[in-house]
Amino acid sequence: MFILCGLLLFFAAKILPRQKKVSYILLPYLGLIMSFLTLFFWRTAGLEVWNLWALLVPFIGSKLIYTLLALLSSLIVYGGLKFVLKLVESGRLIRRKPLKKRQIIGITCSSIVAFLGILLGVCSVWAVNSFGNMTFDQMVYTLSQPLGDSDPGQVINFIENPFLTTSVLFFIIFNFFLVFALYTVSTVKIKTRKKSLLTPVIALTSFLVLISSIFIGVMEIGYADIKAYYFEESDIYDRYYVDPTTVNVTFPEEKRNLIYIFLESMESSYASQEVGGIKENNLIPNLTQLAMLEGTHFSNTENLGGFYQVPGANQTASSMVAQTSGLPLRAAGGDVDANNYGQGGTDFFPGAYSIGEILEKEGYNQRLMMGSSRDFAGRGEYFTQHGNYTIQDVYWARQEGLIPEDYWEWWGFEDRKLFDFAKDSITELANQEQPFNFTMLTVDTHFEDGYATEETPDLFGDQYQNVIYDNDRQLKEFLDWIKSQPFYENTTVVLVGDHLTMDSDFFEEADPLYQRTVYNTILNAPITANQTTNRQATALDMFPTTLAALGVNIEGERLGLGTNLFSKRETLAEQLSFDRLYTELTKRSEFYNTRLMKGTDEEVLRQQEAEK
C-alpha cells in the first residue's frame, strides 16, 4: 500500500500547481485519504487490516487482492483530484478570494461537529450490532468506568470498525466542504453580497449531519431505553430494597468455606438443544452434567437454563457487584463522567453492603483472583472497599514471579495459568485457621471469539466454540482437584456466569423466541432448595442465595433486591414479572442516586457544579 501511495503522490505532484504550500498540505492529505480508504476496503473484504507485508509491498498470487484494493483506492483519490482540477481548468470552478480568519474557524468547527456526528451514528450502529446485549445503561456505564489495562484487541477492534468507517465518511463530507470553501461554480449567477453564505451553509450541513446521526443513534439504541434512563423515575428501590445491615443473618457453628467462580460470558445456551441449550453440539458437557446431575441448578425451564440478565448486571464488573450486593451497578444521575468508581480517593458504591463485608465481619479470609488487571472498571476498588479482599491479578502474578515481567496475553494471563495459580492460593487459604472465601474470574471465553492457544483443540471449525468447549474441560479438571482436597467437605462451590455473551454473531441463526439465560450451579450446599425449575431469577438473587448455600439463616430471605432462591419466597422477577422488573431497572432513581451511590456521583457532581 505504501508503494502505491507513493506513486499516487508522485503523479498528483505532477498535475498540481507548482506551489510549495500546495505540496506541503495537499499531498499528505491525499496520502491520508488513500490510506484510510484502503484499510476500509480491506476490512470490508474480510482481509487482515494490519498486515505488515501488505502495507509495505504489493502482493502477487493469493494476496493480489490487497494490491488490487489499494490500487482501487489510489485511482479513486487520483480520479477525484483530476476531476476537480479539470473543472478548474475549464473555468467551471472559480477560485474564491482567500478565506478570512473567521471563515477558517467556522469551517474547522463545522468539520469537528460533522466528524463527531458521524462518529456518534456509526458507533451506535456498530455497538448494537457488535455487542449482543447492549442497552443504553450499559453504554453509559462503559463510558463512565475506568478502563485500566483492558485487552488491546478491543481498541484495535474499535479502530478497525467505527473509527475507520467514520474517517472515510468524514473525508467524503470534508472534501465537499473543502471544494465549496475554495471554489465557486461559474454556471450559477451569484450576486455580490455584503456577507458570504459560505460559513452558514457549511455550519448548517454539519448541524444536519449531527442531527441525523443522533436520530440514527436513538433509533438503533432504542428511544424507550434513553427516555427511561433520563426522564422516568422508578420507586423500586423505595419499595423493595432491603438494607442488609438491618437484617439478622445467622451463621452455622462451623462456618463453611466459599469458592465463588465467575465464568466469563457463560450462558446455558451453549448446551445442545436436547438438554435445553440452542447449539447443535453441547459445548459445555461438563457444566451441563454438574447442573443436572450433581449440583443445585436454578433454571427458568424444566431443563438446563439459568437466570435472566437485567440492566446494571450485564457486564463483568456490574454483574460481579450485582451478584455480591444484590444491587445493579449503573452510572447514576445520567452523567457519563460523574462516577469515579473508587478512583481518585472516592468510595466505590458506598451505599452498597455486600457478601464480602458480611463474611469479613464473620472472620473470613478473602481473596479475589483474576487473569486481568484489578483496575479495569474499578473491580479492585470494589472488592477491597467491600470486604477487604486480597487482590491477585496479572500484576500480582508478575510480582510473585509466576509470569515474566513483560508477560501479557489476552487480558493479562490466560485461564490455564489462572487455574494453576488458584490451586496454590486455595491450598494456602485452607491451611489457615479462618474460614475462607476464594473468588475468581475466568477470561478465555470473553468476546470476540475467545482466547485460543496451540493446545486448544479444533473440534468445531469455529474458534469461539473451540474455546468454550476447552474452557469447560479445564474447569472440570480444576473442580476435580477441589473435590479431592480435604477442605472440600466443608466448602461450597458456586459456578456462575457473569453475563450473556457479547459476541453478537454467535447466535445469529438462533430461534428469536429462545430465552438465553446465564449459567449457574452450586456444588456441595448443605441445604436443599424447595424449587429449582421454572424460576425467574436474576444476578441480584445470587447475594442471599450464596449465603444460604453456606448454611446461613437469613431473616426474611431477602437482601438488597435479591431473594434467597433456596427459600419459598418469590423473587422480584416472579413477584413483579421479569418484564416489569427489567423496565424499572432501566429508569432513574433518586433513592439509588442519594442513598446507594452517595459519596461518588453526588460528590463528583457537587465538585463539578462548584467549578462552574
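I began with the charged side chains and found that Arg416, Glu455, Asp470, Arg473 and Glu477 are linked in a network of salt bridges, a salt bridge being a side-chain nitrogen of Lys or Arg within 4 Å of a carboxyl oxygen of Asp or Glu. I note that this is a predicted model, in which local features need pLDDT of at least 70 and side-chain atom pairs count only at pLDDT 80 or more, while totals for chains, interfaces and linings use all residues. Residues are numbered from 1 along each chain as its sequence is written, and side-chain values use heavy atoms, with hydrogens and water left out.

I counted 12 salt bridges in the structure. One of them joins Glu267 and Arg516 at 2.8 Å, N to O; Glu267 lies in the loop between strand 4 (257-263) and helix 11 (285-294) and Arg516 in the loop between strand 8 and strand 9, so the pair ties together parts 249 residues apart in sequence. Helices (H or I, at least four residues) and strands (E, at least two) are DSSP runs, numbered from the N terminus.

I then turned to the rings. The centres of Tyr464 and Phe506 are 4.8 Å apart with planes at 75 degrees, so I logged the pair as edge-to-face (centres within 6.5 Å; planes under 30 degrees apart are stacked, over 60 edge-to-face, the rest tilted, for rings of Phe, Tyr and Trp, the last by its six-membered ring). Lys279 lies over the face of Phe506, at 3.8 Å from the ring centre (NZ of Lys or CZ of Arg within 6 Å of the centre and within 35 degrees of the ring normal).
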